[in-house]
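I opened a new structure today and kept notes as I went. My plan was to look up a few things and write each one down.

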Amino acid sequence: MPVVLFAAPSLWDEYKDALPRALTEAGVAADLVLEAAPETVDYIVYAPSAPLQDFTPFTRAKAVLSLWAGVERIVGNASLTQPLCRMVDPALTEGMVEWVVGHTLRHHLGMDAHILNPDRRWVPVCPPLARDRPVTVLGLGELGRACALALAALNFPVTGWSRAPKSVAGLRCLSGSDGLHQALHGAQIVVTLLPRTPQTENLLNAATLALPARGAVILNPGRGALIDDAALLAALDSGQIGHATLDVFRTEPLPQDHPFWSHPQVTVTPHIAADTRPDSAARVIAQNIRRAEAGQPLLHLVDRRLGY
Ligand SMILES: NC(=O)c1ccc[n+]([C@@H]2O[C@H](COP(=O)([O-])OP(=O)(O)OC[C@H]3O[C@@H](n4cnc5c(N)ncnc54)[C@H](OP(=O)(O)O)[C@@H]3O)[C@@H](O)[C@H]2O)c1
């Protein structure tokens, strides 16, 4: 019977029923433990908050299964030689689509003007139709693609940008550094759903923030480090960027004295765009263990070279 070490003790309460249930549903008989001699462990269920940092003694482990989609805090760990799988969970994707569509529509429809209208001003200005509001989604992975397609289904003309060239029906797909320039040029809403890697750090900076249409909106549910904070604040102050709705930050929780909190054109959401949901995430973990035990390839493997 494989030994599954749940190495994210602070999350145990959320998973203590869901994971055994999912393993049973998947037909996997496993010994699910919170502690074990490292050399006896077959699978490690992991979260960035886990105290476990040295994977060297886990000589038998067949996989490290992350409960998080973003793996930047573990991917560079030199002691980790076991296959690393990230979380790709339909419920997480659904949550992200809802957050991105909701915040896109808030800005597209100018909802704030009506929700926050203490002076009872009657200003009947209609928003343009979605078909006239170009949106760019940076990142066309599990989350970016789903969000891009949901926005395209609402008639937004959507451009998606990725590292490798792609073709997705209903989207204008661009890639590489030339593609980034084109993808941002004239965009009115920019959504960042990239992983944090050395290549994506500060991708939105003074130069790239100058490319979208004046007054464009930035939605960042990806990672805080994708944006140069000072450049974003300058672009907001100059009016080049009209609003930024940010879910992720270089330091979380966002420090109380960070200028994002008080900037009138910034909305802060506390890293809630897409939470991992224990029931569905447990099923993803259990399926991967089932596959590995059956000799099938693991799903959602991280490419260490690319860092995501
Ligand atoms: N706020 C939240 O609650 C929350 C929740 C979950 C995840 N996230 C964040 O969302 C990120 C994306 O998740 P995902 O599951 O969609 O990841 P994914 O499936 O790995 O997709 C990543 C996308 O980014 C693209 N990319 C990576 N490096 C690039 C580069 N240098 N230039 C251009 N494109 C690049 C990839 O291009 P290719 O397709 O060409 O490889 C891919 O399209 C995660 O890494 C995490 O940081 C946030």
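**Domains.** I noted that this is a predicted model. I looked up how the protein chain is divided. I found domain 1 (3–89 + 276–293) and domain 2 (91–268). Their centres, taken over C-alpha atoms, are 32 Å apart. I then checked the contacts: 9 residues of domain 1 touch 8 residues of domain 2. On the domain 1 side, I listed 3 nonpolar, 3 polar and 3 charged residues.

**Ligand.** How many residues surround the ligand? I found 28, and the closest are Gly70, Gly141, Leu143, Ala164 and Pro195. By class, I recorded 13 nonpolar, 10 polar and 5 charged residues in this shell. Which helix gives the largest share of the shell? Helix α5 (residues 142–153) does, with 3 residues.

**From α5 to β7.** Together with β6 and β7, α5 makes a right-handed β-α-β unit. Strand β6 (residues 135–138) pairs with β7 in the parallel sense, over 4 bridges.

**Burial of β7.** Is strand β7 (residues 158–162) mostly covered or exposed? I found it mostly covered, with 5 of its 5 residues buried. Val158, Gly160 and Ser162 point one way, while Thr159 and Trp161 point the other way.

Key
Residues numbered from 1 in each chain as written. Predicted model: local features only at pLDDT ≥ 70, side-chain atom pairs only at ≥ 80, totals over all residues. Near = placed C-beta within 6 Å. Helix = DSSP H or I, 4+ residues; strand = E, 2+ residues; numbered from the N terminus. Nonpolar A, V, L, I, M, F, W, Y, C, P; charged D, E, K, R; others polar. Domains from an automatic or database assignment. Contact = placed C-beta atoms within 7 Å. Buried ≥ 20, exposed ≤ 12 C-beta atoms within 10 Å, placed from the backbone. Pairing = 2+ DSSP bridges. Right-handed = clockwise from strand over helix to strand, strands pointing away.
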